[in-house]
Amino acid sequence: RAARLPKDLAPLVDRTAKIKGVVDTTVAAVRRIAADLRPVMLDDLGVVPAVESLLHEFSQRTGIVIGFNVDCDGMEFKEPLATAVYRMVQEALTNVARHAQASEVEAVIRLHAEQLVVRVSDNGRGIDPALLNKEKSYGLLGIRERAQTLGGTASIFSPADGGTVVEIVIPVASYRSVKAEA
């Protein structure tokens with residue numbers, strides 16, 4: 001602690017204070033990154049509230065209008081599905097913020113015929129088809145790999161009317177757990 005250093009060593013006191021500031025900033029950054037990767041809310045409330053919070057924070061940060069539709073019949077999803085869905089939506093939003101020049105995003109999470117369908121669409125400039133298979137498109141690659149790891153698929157495309165759609169379809173039989181009755 002800088003308070004324990006002799007006052008006649010002013011350069012050492014200043015340097016110690018600067019080092020403490022760097023350490024404090026680093027610890028705060030690590031906590032923020034950890035929370036972004038796996039928010040506690042996933043464990044406490046489940047994937048839908050965690051995604052809803054992510055969408056709200058995204059809208060506040062970017063000014064992009066968000067729509068969110070959920071239809072998954074009160075189901076909770078076990079790991080690794082919950083974290084993977086959260087991270088795929090997070091990556092889709094990151095791409096919207098970086099590339100889409102969009103003003104609106106619609107996110108959907110629904111259960112349909114024993115498949116979880118997660119869809120993030122925007123009204124932006126669309127995606128160049130050449131980028132879809134680009135080796136350095138790590139975000140898109142990550143979305144596809146997460147979906148495949150869960151036995152599902154991820155489609156990323158620009159519809160004729162514009163924008164970009166990320167659609168993830170995952171069979172949920174092995175990831176379902178019925179919400180406990182209160």
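Histidine 112 is partly exposed, with a relative accessible area of 47%. Partly exposed lies between buried, under 20% relative accessible area, and exposed, over 50% (1.4 Å probe, protein chains only). Histidine 112 belongs to strand 3, residues 104-112. Between its C-alpha and that of valine 172 there are 9.8 Å in space and 60 residues in sequence.

This is a predicted model: local features need pLDDT of at least 70, side-chain atom pairs count only at pLDDT 80 or more, and totals for chains, interfaces and linings use all residues. Residues are numbered from 1 along each chain as its sequence is written, and side-chain values use heavy atoms, with hydrogens and water left out.

Five strands form an open sheet in the order 1-3-4-6-5, with mixed pairing. Strands are DSSP runs of E, at least two residues; helices are runs of H or I, at least four residues; both are numbered from the N terminus. Strand 1 (65-71) and strand 5 (153-157) stand at the edges. Each has a single partner strand, so one side of each lacks a neighbour in the sheet. The twist averages 10° from one strand to the next.

Strands pair through backbone hydrogen bonds, either parallel or antiparallel. Here two strands count as paired if DSSP finds at least two bridges between them. Strand 1 and strand 3 run parallel, joined by seven bridges. Isoleucine 66 sits opposite valine 105 of strand 3.

**Helices across the sheet**

Axes are lines fitted to C-alpha atoms, for helices over the stretch in contact (heavy atoms within 4.5 Å). Angles run from 0 to 180 degrees between N-to-C directions.

| Helix | Lies across | Angle |
|---|---|---|
| Helix 3 (residues 47-62) | strand 1 and strand 3 | about 170° to strand 1 |
| Helix 4 (residues 81-100) | strand 3, strand 4 (115-122) and strand 6 (164-171) | about 15° to strand 4 |

**Helix 3**

Helix 3 has 16 residues and reaches 22 Å from its first C-alpha to its last, close to the 22 Å expected. The expected span is 1.5 Å times one less than the number of residues. Val47, Val48, Ala50, Val51, Leu54, Leu55 and Phe58 are buried in helix 3. Seen down the axis, these buried residues fall within an arc of 160°, so they line one face of the helix. The arc is that of the directions from the helix axis to the C-beta atoms.

The cover over the buried residues of helix 3 includes helix 2 (40-44), strand 1, strand 2 (75-77), helix 4 and strand 3. The face turned away from the buried side carries the exposed residues His56 and Gln60. Just after helix 3, glycine 63 takes a positive phi of about 80°.
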